[in-house]
Amino acid sequence: MSRARDFADLAGSADAGGLTGRNVLVNGSMAVSQRGTSSTGQGASDLFLVDRFHLNTNGNSAGRFTVTQESDGPSGIPNSLKLACTTADTSIAASERFFIEQRLEGQDCQRFKKGTSDAEAITVSFYVKGNAAATYVVGIYDSDNSRQIGAQFSVTTSWNRVSVTFPADTGGSALDDDNLESLSLRFYLHAGSTYTGGTLQTTWDTAVNSEQVGSGTTSFFDSTSRTFFLTGVQMEVGERETPFEHRSFADELARCQRYFLAVANQATYAPVGVGRAWSGTTGNAAYYFPVEMRVNTAISVNDLSKFDIVPSGGNPTEVRNDGGNKQSAKVGWVSSGVTNGNFYQFEFGNNQDGALFFDAEL
Amino acid sequence: MNDMNITSAQYVVGPDGSNMSITIVADGQTWSVPNNSPGNRFYDEIMRQVEAGTLTIADAD
């Protein structure tokens, strides 16, 4: 077979979505939502619902919204992230800003060769729809170099795929090759004059707040009928979009669990881990993560009464981080009735409502 | 930067007697954050607010 034929076949495979590893984003299909499928009354502070998509509110708009993982999407992508405005904010203060973002580790962005003479173009593609026509901004923020770029895009009442190619950026320095944030893909949905006062920065340059969103965009909070749906988000090297890269649910879940792990919906009395009491009221249990976390995790539980320390400890009164690393956590607990040096099991109680959260998000 | 409304923060002593973690209430949810863990978004935000003078970490009980 000729070399030309090989290349033609390769191009055909790429066009059919056959080449994997193109999308640097995680959970672009919105398939994984470990924190739940709906959250209401949001807007006062930041949150995640669908994994990896950070809802950055700045905490200063009166606008409120419901966020859901929807069973709605374009052909072949069954899930989406939906925002529905529940409290409008038409008196927009200068510093208000609301955007959806996915932050990326520097070590995962090296393929863009950003900040070098070999820098590559970056193409971002995604599917969107809304309750009515709207115009928003998609942008990339480079936190290593405080540089940014953006482009407007349109939303209609039907699913449409949007593709934006940002030119190669040879400015600034090379992105850090580490596990900290280097790039953030952002969808700006609401902004005050601090961010809209200038002309949108459509070429890479040092970030200027007033040029981050620019003028002529829609405010998501302009009406309680406003909705915004997003899915099929892809960010890749090159000057044109390729078909959305489908991954198995298991693959996508594992990628998400590097940043956030919910241990929930376990069987009755399911053990979390076993460990030793180190005083008459405290002890810890080892929990080994299914994938290596990005950093040491913060730990939270949704309801202490749903957990037991056995034998003889009863419900824990506190759960905390007693150390650990990116592979495992020492889940510390406080409970009365234990004996220093004895071993205890930290377990779910006689229901399936408890949840234990490990957070290593960017 | 993360926008977190941290309403309380307190060091917690671990098995070795050092300040092993910081218990915070952020946006109404209690989190136990590993101490000295730059890169953890909660720890970074705690330190940012401490440096800004808007948050004080209470000593361990």
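**Close-up views of the pocket and the A–B interface**

**View 1. Lining of the largest pocket, by residue class.** The lining has nine nonpolar, six polar and six charged residues. Ala, Val, Leu, Ile, Met, Phe, Trp, Tyr, Cys and Pro count as nonpolar, Asp, Glu, Lys and Arg as charged, and the others, Gly among them, as polar. The model is predicted: local features need pLDDT of at least 70 and side-chain atom pairs pLDDT 80 or more, while totals for chains, interfaces and linings use all residues. Residues are numbered from 1 along each chain, chains are lettered from A, and side-chain values use heavy atoms, without hydrogens and water.

View 2. A pocket is an open set of points on a 1 Å grid where a 1.4 Å probe fits, with protein on both sides within 12 Å along at least five of seven lines; lining residues have an atom within 4 Å of a point. The volume, the space filled by probe spheres set on the points, is about 510 Å³. Of the 21 lining residues, A:Arg35, A:Asp46, A:Leu47, A:Phe48 and B:Gln29 lie nearest the centre.

**View 3. Contact between chain B and chain A.** Chain A brings 31 residues to the contact and chain B 21 residues, where contact means heavy atoms within 4.5 Å. About 1,800 Å² is buried between the chains, 50% of it from carbon and sulfur atoms; buried area is the accessible area (1.4 Å probe) lost on putting the two parts together, summed over both.

**View 4. Salt bridge between A:Asp359 and B:Arg41.** Their side chains meet at 2.8 Å, N to O. The rule (a side-chain nitrogen of Lys or Arg within 4 Å of a carboxyl oxygen of Asp or Glu) finds one salt bridge across this interface.
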